[in-house]
Amino acid sequence: MTATSAGLLLYRIIGTGEPEVLIGHMGGPFWSRKDRHGWSIPKGLYTDEEPLAAAEREFAEELGSPAPSGPTVPLGSVRQSSGKTVTVFARQGDFDADHISSNEFDIEWPRGSGRMRSFPEVDRAGWFSLDQAAEKLVKAQGAFLDRLRAHLSA
């Protein structure tokens, strides 16, 4: 069975008329020193929920506050290299990226030590231009930036 995730890509239009998107750096020891392709759209697994409801829930869990309300644009799905299928929605709004509070996950660290440690799912968030975000996001999620760009130029 393929894992399915849903996410919410928040965007805003800055003074130059260009869009910026809000993305989060993945937490934990595997991602701590990785910036390029170490960021993700706030998203998470779901099973028996509607994808948009799951995306909104995961946004709040990973960033610590609910997403702003507003019209939502479906950006479709992609299959990541892990095999996970990710469905993303876009919404225009603003959010304080400097003050997030992510939920945590437990992992044995260092590996083989027998000690469990907790790490935030998202250790920081930021607003980036579409070009900057394309360099930071895990590769498969770049398709959502292209779809958002197409939506905004229509």
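**Exercise 1.** Is H37 buried or exposed?

*Solution.* This is a predicted model, in which local features need pLDDT of at least 70 and side-chain atom pairs count only at pLDDT 80 or more, while totals for chains, interfaces and linings use all residues. Residues are numbered from 1 along each chain as its sequence is written, and side-chain values use heavy atoms, with hydrogens and water left out.

Step 1. Take the cut-offs: buried means under 20% relative accessible area, exposed over 50%, and partly exposed in between (1.4 Å probe, protein chains only).
Step 2. The relative accessible area of H37 is 15%, so H37 is buried.
Step 3. Helices (H or I, at least four residues) and strands (E, at least two) are DSSP runs, numbered from the N terminus.

**Exercise 2.** Check the length of helix α1 (residues 51-63) and locate its buried residues.

*Solution.* Step 1. The expected span of a helix is 1.5 Å times one less than its number of residues.
Step 1. For the 13 residues of α1 this gives 18 Å, and the end C-alpha atoms are 18 Å apart, which agrees.
Step 2. The buried residues in α1 are A54, A55, E58, F59, E62 and L63.
Step 3. Seen down the axis, these residues fall within an arc of 140°, so they line one face of α1. The arc is that of the directions from the helix axis to the C-beta atoms.
Step 4. Their cover includes β1 (4-13), β2 (19-26), β4 (43-45), β6 (85-92) and β9 (122-129). Contact here means heavy atoms within 4.5 Å.
Step 5. Just after α1, G64 has a positive phi of about 90°.

**Exercise 3.** Repeat the check for helix α3 (residues 142-153).

*Solution.* Step 1. With 12 residues, α3 should span 16 Å; its end C-alpha atoms are 17 Å apart, which agrees.
Step 1. In α3, G142, F144, L145 and L148 are buried.
Step 2. They cover an arc of only 150° around the axis, which puts them on the same side of α3.
Step 3. These buried residues pack against β1, β2, β5 (72-79), β6 and α2 (130-136).

**Exercise 4.** Which residues does F119 touch, not counting residues up to four places away in sequence?

*Solution.* Step 1. F119 is part of strand β8 (residues 116-120).
Step 1. Its relative accessibility is 10%, so F119 counts as buried.
Step 2. The residues that F119 touches are G28, P29, N103, E104, F105, I107 and W109.

**Exercise 5.** Where is D98, and is D98 buried or exposed?

*Solution.* Step 1. D98 lies in the loop between β6 and β7 (104-108).
Step 1. The relative accessible area of D98 is 67%, so D98 is exposed.
Step 2. D98 and A125 are 27 residues apart in sequence, and their C-alpha atoms are 6.9 Å apart in space.
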